[in-house]
Every structure is written in structure tokens, then in C-alpha cells.
Amino acid sequence: MDPVIIVGGGPVGLTTSLLLSDLGVPNVLFERHQGTSIHPKAIGLNQRTIEIFRRLGLHKRIDAAAAPPSSVARTGWYTSLAGRSDLHGRQIAVRDAWGGGQYAEEYAAASPAPYTMLPQIRLEPILRAAAEARPNATVRFSTEVAAIEQHETGVTVALADGERVRGSYLVGADGGKMVANALGIGFSGPTNLVDMVSAHFTADVTPLLPNRECLIYWFVNPDLGGSIGSGYLYHLGPWDEAGHSREWVFACGFRPDDPERFDEKAMKERILRSLGVNRLEMDLHSVSHWYIQSVVADRYRGGRCFLVGDAAHRIPPWGALGLNTGVQDADNLAWKLAATLRDPALSPLLDSYEDERRPIATTVAANSLHNFQNHGDLIDSAIGLDPSAPPSQGWDALRTLWSETPEGKSRRAALDEASRYMDHEFHAHGAENGFAYVRGALAADPETSTLPIDPVTYRPTSRPGHHLPHAWLDGPAGRVSSRDLPAPGRFTLYVDSVAADGWRAALASIEHPLQPVVDVVEAGPTCAHEDSEGTWARLREVTPSGAVLVRPDGIVAWRCHELPAQPEASLTRAFDRILTIGEHL
């Protein structure tokens with residue numbers, strides 16, 4: 001079998017390699033840089049992403065490297081961390097976030113995996129080491145792909161040094177650097193919205209912190225034009241036993257009085273200005289200039305080549321869904337490639353990749369852009385800041401905010417409402433966990449939408465297109481999540497013992513390309529996987545004689561409320577619908 005070629009060795013490319021390796025698919029990964037990322041980039045790993053890393057056996061390593069949960073439980077807005085007046089160093093608002101504080105039980109009930117904070121510079125080495133250790137993978141850094149050629153039975157890449165490598169399929173995970181252009185795929189969406197700069201530095205900021213539970217400190221300083229101009233600060237670890245970090249990222253939008261490009265001296269001065277301090281021993285590691293954009297590839301596939309991660313979509317970081325969406329792209333695609341390589345009759349599965357993932361990226365990109373706009377439109381507006389007004393007017397607005405005047409009380413009420421609305425970014429549990437596929441490799445449900453109406457609240461459901469609900473079960477090997485039961489690359493038919501024999505017999509009698517890759521798993525009150533708490537009985541949304549069919553990526557493909565008179569006919573129709581992409585029968 002020719003390997004699957006992966007272009008790009010960031011977190012999405014490395015995850016693709018790991019997923020394919022564990023599915024028995026040979027793969028070769030090319031990364032043009034000599035090592036993993038040197039700039040922190042993404043930090044938030046949501047529950048869906050950690051579930052994927054659990055399947056890859058990486059969760060313990062990731063958990064050991066991640067931020068202590070108590071240090072990332074909140075997000076807050078401050079005028080600065082210090083300063084010359086009584087209005088500097090003041091807390092404007094603070095909210096529990098990412099499963100912290102009041103949201104802990106809600107997040108624990110939704111998934112066997114926690115929301116995790118681990119910066120990309122620390123995640124990538126974990127993924128790289130794991131990928132290089134897999135016998136099915138060849139990982140080649142310092143190797144640039146210069147050209148791509150497709151033919152009827154495969155793909156050939158030409159490397160910059162002249163070497164040619166043949167593969168069965170190609171996955172572009174290069175952040176949009178080369179593969180999309182080579183395939184002639186364009187992008188749609190707003191670009192170059194705001195010119196941003198971010199800096200990675202080491203300093204002892206801890207004594208200045210007003211709240212040790214916050215991951216992100218958002219600054220709202222009238223001297224710097226409000227939220228985006230004032231910037232934000234978050235910690236990167238590594239964390240000591242007390243949860244203190246020495247490394248940080250600061251980011252802000254460019255102001256008219258900023259230099260065209262920040263050198264080390266100007267960047268340090270900009271950080272001090274937003275923090276509100278005159279001096280700070282600081283070691284600046286890297287500076288990155290970037291634009292806010294919200295773009296999605298017009299196509300996710302060109303022949304035998306596919307786009308994943310930033311090669312397919314570039315999403316604003318507000319909401320922390322960019323890297324997560326990319327990792328989940330890889331999870332969607334990898335099992336379909338493996339299935340097709342094992343049995344070409346399953347190749348229609350590949351047609352579903354774009355149908356399923358592109359609508360998710362389009363919606364997430366729009367939501368993340370909206371989150372970015374909310375900082376100025378909601379928080380600054382509630383305070384009474386006008387970015388076009390003189391700074392003195394902004395400071396007067398802040399003084400009024402904390403006054404006991406009727407206007408001050410009114411502004412505090414507006415600010416409270418605005419900060420609660422920011423849960424759409426910092427407690428977007430519905431958007432993180434509740435996205436669904438409205439068409440694709442599944443028996444589509446007409447009531448399903450790409451993202452839930454309520455992006456804040458996650459409501460588990462077994463409707464086709466959604467992730468299988470999480471419930472703790474007592475199995476032969478101990479406590480296990482319903483999400484942990486599917487074997488790699490295989491479909492799982494969840495049944496109760498009430499009708500298990502009928503469903504097994506029906507499955508065994510079918511001749512269909514999907515039939516050999518379906519396992520039957522019993523889960524219920526008297527099953528091998530015992531539902532002792534009754535959670536699964538409630539969340540499966542079918543009767544004890546019914547069934548829920550789940551794909552290798554944890555997506556519900558089909559469900560049947562109760563055992564029909566001819567279950568083999570029902571299963572056959574379901575399998576046909578899964579392979580008849582885009583059809584809503």
C-alpha cells in the first residue's frame with residue numbers, strides 16, 4: 001500500500017499521522033521547518049479535541065504538561081495591572097470560563113475529558129514524539145514539498161531537493177502555504193481586518209496579578225483606545241507547584257502611534273505600557289505580526305488531495321476554535337481514508353468530508369469573528385468608551401462606572417449584562433461540544449443544525465450527525481465512557497441486552513461493504529457495560545429494544561427507536577444512506 005502523504009507538521013498534520021498510524025495506514029509527513037513551532041499560537045484544547053487525544057493514548061502526557069485547572073478557571077477585564085492613578089490596576093469584570101468555577105459540573109457531565117490549556121509550543125513536541133514512535137509513520141522535518149502531481153491511482157510529490165515520493169492520497173495540513181494553491185483552491189471571507197502583534201516573553205508577572213485564577217487578562221485602557229488596542233495577556237507555563245508561570249503572551253491591535261513593525265525595544269515598551277508598569281525584567285523570545293481574518297477554503301478536496309486545519313480555514317482566535325476545528329477535521333478524514341484504502345467500495349465516504357466539515361468551519365469562523373467584535377461593541381460600549389474621543393473622556397467614563405451615581409449604577413448593570421454575554425466566547429459549551437453534521441456519511445436528521453441555537457449550553461442527543469452522548473458505564477475492565485467503547489476505525493451498534501440477539505442476527509445476515517466493520521456493544525442496566533447510574537438510558541433517546549449506530553469518529557450515523565419487524569432491512573437502508581452521500585431519505 002502506498003502511504004498517505006501529509007504536507008505540514010503542525011498539530012493538525014501530526015494528529016493526522018497519529019490517527020492514520022493507529023488505523024494501520026502507512027503515512028509519510030513532510031514539514032519544511034526544522035522543528036516544531038517557536039511561537040505559542042493556540043492554547044485552548046476543548047473537550048472534543050482531548051477525546052481524540054485520549055483515543056491516541058496521549059491524554060496523560062498532555063495533562064501532565066497542561067496548566068493547573070485552578071489557574072485557568074476565569075477570564076477578566078482590567079484597566080491595567082498597575083499605574084499612576086486609582087483608576088489603573090482596577091478590575092472591570094471577571095467571569096468563570098472553560099469549565100471552571102460554576103461550570104465545573106456542567107463540563108464534567110458532558111465528556112470524559114476536561115477542557116485543557118496547553119500552548120501549541122508544548123503540544124507539538126508531544127505530538128511529534130508520538131508520531132515518530134509509530135511504526136506506520138515516517139516523519140520528515142526540514143523537508144519541503146515543491147510540487148504535487150495527481151494520477152488515476154495516486155499522488156506524487158516532488159521535494160525541493162528533487163526527490164519524488166508516491167502516495168495513495170495527500171492531506172494538506174500546511175496552513176495554506178502551498179497545497180491549496182497547487183490545487184487551485186481559493187478562499188472566501190473577510191481578510192486583513194485588524195493588524196495584530198503578539199509577543200512571547202519570560203518575566204515574573206505573578207506579583208502584579210490581581211486574580212491568580214485567570215488565564216487571560218484583557219486590558220481596557222482609554223490611553224490605548226479601548227480593548228483591542230490595549231491588548232490582552234495570558235500565561236504559558238511551564239507552571240511550578242503553586243501554579244505560577246514565568247512565560248507569557250501579550251497581543252494587541254496596532255495603534256496609529258505604533259511602529260510599522262515592532263522590534264524588540266518597541267515591543268517591550270508596548271507591553272509595559274499596557275501592563276501599566278515602568279520596569280519589568282523581561283526576556284523577549286519572539287514577536288509575530290498577523291492579521292485577523294475569517295476565511296474558509298472554497299473546496300476541501302481536489303482529486304485525491306484534501307485540506308485540513310489552517311490549510312482549509314483560518315479562524316480568528318476569539319473562542320479558541322481554530323486548532324480544535326483542525327484536529328477535528330483530521331479525525332473526520334482519517335477513518336474515511338483508512339476505510340477506503342481497506343475496501344474501495346467504501347470510497348463514497350471520502351465525498352462526505354467536505355459536506356460535513358466545511359459548514360462547521362464557515363459557521364465557526366463567523367462566530368469567532370463576532371466574538372472578536374464583541375470586545376469593543378459590548379464591553380467598551382457598556383463602559384461608555386468612545387475610541388474616537390480623547391483619552392480623558394474615557395477615564396471620566398471609567399470613574400463614572402465606579403461611582404454611586406444613577407449613571408454609574410446603570411453602566412455597571414450594562415457591563416454585567418455585556419460580560420455575561422461574553423460567555424459566547426469563554427463558556428461556549430454548546431458551540432464546542434454541540435456542533436453536528438446536517439448531511440454526509442449518516443442518515444440525516446431534518447431537525448439537525450450545524451451549530452446549536454444556543455452556543456452556550458450543550459444539550460447531548462443521539463440524533464444522527466451529533467456526537468454520541470457521554471455516560472459512565474461499569475465494564476469488565478472498570479469504569480469507561482460510552483465514548484471510549486468504539487474500536488479504532490470501526491462502527492459501533494449500541495444495543496441493550498433486551499434485543500441484542502435480534503440486532504446481532506440481523507447484522508450477521510447482511511451483505512454490505514459496511515457490515516464487516518460494525519461491532520455490536522451492549523450497554524444498559526443488565527449489560528456487560530452496566531448503566532448503573534441510568535445516564536445512558538436517558539441519553540440514548542431510544543427504547544431498550546432500539547439501537548444507536550456510531551461512526552469511528554464518535555458521530556451518531558443512525559438510530560432506531562425500537563427493534564423493527566425486519567431489523568436487517570432497516571440496517572441495510574441505514575448503511576445505504578451512509579454511503580449515499582448528501583441524500584436525505
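Two strands count as paired if DSSP finds at least two bridges between them. Keep that in mind for the hairpin below. The model on your screen is predicted.

**Stop 1: the hairpin of β27 and β28**

Select residues 547–550, which form strand β27, and β28 alongside; four bridges join the two, and they run antiparallel. Now go to the turn. Five residues lie between the strands of this hairpin, and Gly554 takes a positive phi near 85°. Then colour residues 556–560, strand β28. Four of these five residues are buried, so the strand is largely enclosed by the rest of the structure.

**Stop 2: the second largest pocket**

What do they surround? The second largest pocket has a volume of about 510 Å³. Next, show three helices: α1 (11–22), α2 (47–55) and α9 (322–342). Each supplies at least two residues of the pocket lining. Colour the lining by class, and you get 16 nonpolar, six polar and ten charged residues.

**Stop 3: strand β16**

Select residues 247–253. Is strand β16 buried or exposed? Seven of its seven residues are buried, so the strand is largely enclosed by the rest of the structure. Look at each face in turn. One side carries Glu247, Val249, Ala251 and Gly253, and the other carries Trp248, Phe250 and Cys252; both faces are covered.

β13 pairs with β16 in the antiparallel sense over seven bridges. Strand β15 (residues 232–235) also pairs with β16 in the antiparallel sense, over four bridges. Centre on Val249 in β16. His200 stands opposite Val249, and Tyr234 stands opposite Val249 too.

Now follow the loop between β15 and β16, where Pro238 has its place. Check the peptide bond that joins Gly237 and Pro238: it is cis, with omega about -5°.

**Stop 4: two cysteines**

Which cysteine sulfur is closest to that of Cys214? The closest is in Cys252, but at 19 Å it is too far for a bond. A disulfide needs the two sulfur atoms within 2.5 Å. The count for the model comes to zero disulfides. Cys214 counts as buried because its relative accessibility is 0%. Cys252 is buried as well, at 0% relative accessibility.

**Stop 5: Asn192**

Move to the loop between β12 (187–188) and β13 (195–202), and select Asn192 there. Asn192 counts as partly exposed because its relative accessibility is 49%. Show what touches Asn192. Leaving aside neighbours within four places in sequence, the contacts are Tyr291, Ile292 and Gln293. For a sense of scale, draw a distance from the C-alpha of Asn192 to the C-alpha of Gly534: the separation is 51 Å, for residues 342 apart along the chain.

**Stop 6: two positive phi angles**

Select Lys41, in the loop between β2 (27–30) and β3 (44–45). Lys41 is not a glycine, yet its phi is positive, at about 55°. Then jump to Trp98, in the loop between β5 (91–96) and α4 (104–110). Trp98 is not a glycine either, and has a positive phi of about 55°. Is Trp98 buried or exposed? Its relative accessibility is 10%, so Trp98 counts as buried.

Terms used
Residues numbered from 1 in each chain as written. Predicted model: local features only at pLDDT ≥ 70, side-chain atom pairs only at ≥ 80, totals over all residues. Heavy atoms only, no water. Buried < 20%, exposed > 50% of the residue type's maximum accessible area, 1.4 Å probe, protein only. Contact = heavy atoms within 4.5 Å. 1 Å grid on protein atoms, 1.4 Å probe; cavity = no way out; pocket = protein on both sides within 12 Å on 5 of 7 lines; lining within 4 Å. Points joined across faces, edges and corners; volume = space filled by probe spheres on them. Nonpolar A, V, L, I, M, F, W, Y, C, P; charged D, E, K, R; others polar.
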